[in-house]
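Please open the model in a viewer and keep the selection tool at hand.

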Amino acid sequence: MGESAPTTAEEVASPAELAGLLDRHAYLCDDGLATACFLALRMGRPLFLEGEAGVGKTELAKTLARVLGAPLIRLQCYEGLDASQALYDWDFPRQLLHLRAAEAAGVADVARLEGELYDRRFLLARPLLRALETTPSVLLVDELDRADDEFEAFLLEVLSDFTITVPELGTIRAERPPVVVVTSNRTREVHDALKRRCLYHWLEHPSFEREVAIIRRRLPGAAGRLAGQVARAAQRLRERDLLKPPGVAETLDWTGALVALGARELDPGTAAVTLGAVLKYREDQQRVLAGGLEALLDGG
Amino acid sequence: MRDVTETMVGFARTVRAAGGTAGPERVQAMLAALDHLDVLDPSAVYWAGRLTLCADPGDLARYDRCFAAYFSGATARPGRRPPPAVVRRTALPGAPDGASGEPGAPEAAAASAAEVLRERDVARLTAAERAEVARLIALMDAGAERRRSRRFAPAPAGRLDPGRTVRETLRRGGETALLRHRAHRTRPRRVVLIVDVSGSMGPYADALLRFAHAAARSGGRAVEVFSAGTRLTRLTRELRHRDPDTAMAAASEAVPDWSGGTRLGEELKEFLDRFGQRGLARGAVVVIASDGWERGDAALLGEQMARLGRLAHRVVWANPHKARPGYEPLAAGMAAALPHVDDFTSGHSLAALEDLARLVAGAGRGDAHA
């Protein structure tokens, strides 16, 4: 797969074309997701993605960045995340150093010194500011449900007008808004006000055929038969009652592990030694082993 | 384009009539999305609407129904709301009035009457006493204990605060005279209440849900409430109404399974799968209010309680029957759950609910263990 020239958001003519571009970067998506991404680019609206862990939400943002030849700027959310970690912060050590240097040089003009201290070069851009200042860029706000709701309200403000005000410097405006992908695992309800600004897409696990295609696309080393077997087993695992049903990420890990071991097909022996690549809870492994690995594999 | 707009606005109206979120802003977004797509392609129309009119996986099935109905020519019927269940206010059949076991209550002084009321089992109250207890529960402070947050606030001592120190230094023309400090702020710990509303809990469910409402009011967004019975229902939004009676009415309408059986193990599993494991239960104080009368598999309940124990900061179990003389946790479900419970309390009377509030707030922990 040769690297194609970066495409700008305006050049993409239709969802189908975007799907093709994503495909070229080894991300296979269906009509719904392709339409969602296409509209996000065209309408300049954030794309709000929800779905089980491992269905490819984060991966989509990464691939979009590759398609657009734009840097991916990632803001990982967590409880207690605040503006100084998401927007900007002043580089205090450098400010102090500057102060000392000025002192040593005998600068007496305090007002001027203070002006210098709040110069752009002492401002540390955190992800949101960086995304606004980088054109083009893809901003990934990952796992928003982990942040507190105060942060959500704050994010709403940034995402609605794409400007950030630094009291000492003034307002910084995005030349062109970044492409924004917000992901959530639904541990907490995200405010409707934020969702309203976004295009909402619920990402499902892929169908069997699509999952086989994804495996073959991402791991060309895997034989067609192996890809089919792994995808079938993954689909069956999702029907089981597991703590963490495997996502596409786990299916790929599993296939990768099998390929690394030189396995040509998935049989009870190879499945047993690689089970840890697809099931990440001891209880899940025990449950599957108790039911017999053959039950996962029959038919192929 | 004109009739496309009309058609789509009509469609949005159908979605709204069926209970979906299709406010003007969303409808605008839908029309804007269609501007970029091929309006003659049904799939494009479907996705333009779905991406803008839905905001929740729960909306998707309704959207699909509306889409199928509207674009096949038929008009979608508005979704039928389940008939509102009335919060049970009946007393236990064996105790028709509040007189049993309380001799001399009528002539007692008002203060001591309130005192007596505090200790009385809520299942044995008259309607008037019940209303009084409801009023007292609404006044209860059931806020959570606090945990350290990542954020900082200015403090007299603690870590150095470089920002404020630099600003202070600047104010003094570069003289580092005063060091400023900051310390981690604290935030309320998350509280999750799971209230069993099955038949055997009937006399207590109302009081316990009112307690949950008081907790939600004291703890704000850090409190989540679920009802359990035969189906797990998230009641957080319903209980956010300020007025206790409005909140209770909303909750009773939302709960589909009043007075049914109990499948606590399965519901706890659903709670952990859908919400708990991903964050709601992590580091939270989880209160389960149930008599542990498990109709399902007690082993499953034990397994899920062990899981919950590993996720939660503390697990409190309130069993109203615990207060009965001679109570032993013999019900299979209760016995399976107990090893994974940090605090085992009763929650059958006003006084017991006050104790529960203290436990939620992190006081007196561990001493209630049977």
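Select B:Phe11, B:Tyr46, B:Trp47, B:Tyr63, B:Phe67, B:Tyr70 and B:Phe71 in this predicted model. Ring pairs link these residues into a cluster. Over all chains, the structure holds 16 aromatic pairs. One of them joins B:Tyr70 and B:Phe71. In general, two aromatic rings are described by the distance of the centres and the angle of the planes. For B:Tyr70 and B:Phe71, the centres are 5.0 Å apart and the planes stand at 80 degrees, an edge-to-face pair. Is B:Phe71 buried, partly exposed or exposed? B:Phe71 counts as partly exposed, because its relative accessibility is 35%, and buried would require under 20%.

Chain B contains 13 helices and nine strands. It has 370 residues, of which 49% count as buried. Among the contacts in chain B between residues at least 6 apart in sequence, 73% join residues at least 24 apart.

Now turn to chain A and select residues 92-104, helix H5, together with residues 110-117, helix H6. The axes of these two helices of chain A lie 10 Å apart, and the helices pack at an angle of about 150 degrees. H5(A) is therefore roughly antiparallel to H6(A), a description used for angles over 145 degrees. The crossing of H5(A) and H6(A) is right-handed. Which residues meet here? From H5(A) come A:Gln95, A:His98, A:Leu99 and A:Ala102, and from H6(A) come A:Leu113, A:Glu116 and A:Leu117. By class, this contact of H5(A) with H6(A) comprises four nonpolar, two polar and one charged residues.

Proceed along chain A to the loop between helix H7 (127-133) and strand S5 (138-142), where A:Pro136 is found. The peptide bond between A:Thr135 and A:Pro136 is cis, with omega about -10 degrees. Most peptide bonds are trans, and most residues other than glycine have a negative phi.

A:Glu143 is not a glycine, yet its phi is positive, at about 55 degrees. Its relative accessibility is 16%, so A:Glu143 counts as buried.

Then move to A:Phe162, in the loop between H8 and strand S6 (163-166) of chain A. Phi of A:Phe162 is also positive, near 50 degrees, in a residue other than glycine. A:Phe162 is buried, because its relative accessible area is 8% and the limit for buried is under 20%.

On the H11(A) side of the contact are A:Leu226, A:Val230, A:Ala233, A:Ala234, A:Leu237 and A:Arg238. They meet A:Val248, A:Thr251, A:Trp254, A:Thr255, A:Leu258 and A:Val259 in H12(A). The contact of H11(A) with H12(A) consists of nine nonpolar, two polar and one charged residues.

Terms used
Residues numbered from 1 in each chain as written. Chains lettered and ligands numbered in written order. Predicted model: local features only at pLDDT ≥ 70, side-chain atom pairs only at ≥ 80, totals over all residues. Heavy atoms only, no water. Axes fitted to C-alpha atoms, helices over the stretch in contact; angles between N-to-C directions. Helix = DSSP H or I, 4+ residues; strand = E, 2+ residues; numbered from the N terminus. Parallel < 35°, antiparallel > 145°, perpendicular 65-115°, else oblique. Left-handed = near helix turned anticlockwise from the far one by under 90°. Contact = heavy atoms within 4.5 Å. Nonpolar A, V, L, I, M, F, W, Y, C, P; charged D, E, K, R; others polar. Phe/Tyr/Trp six-rings, centres within 6.5 Å; stacked < 30°, edge-to-face > 60°. Buried < 20%, exposed > 50% of the residue type's maximum accessible area, 1.4 Å probe, protein only.
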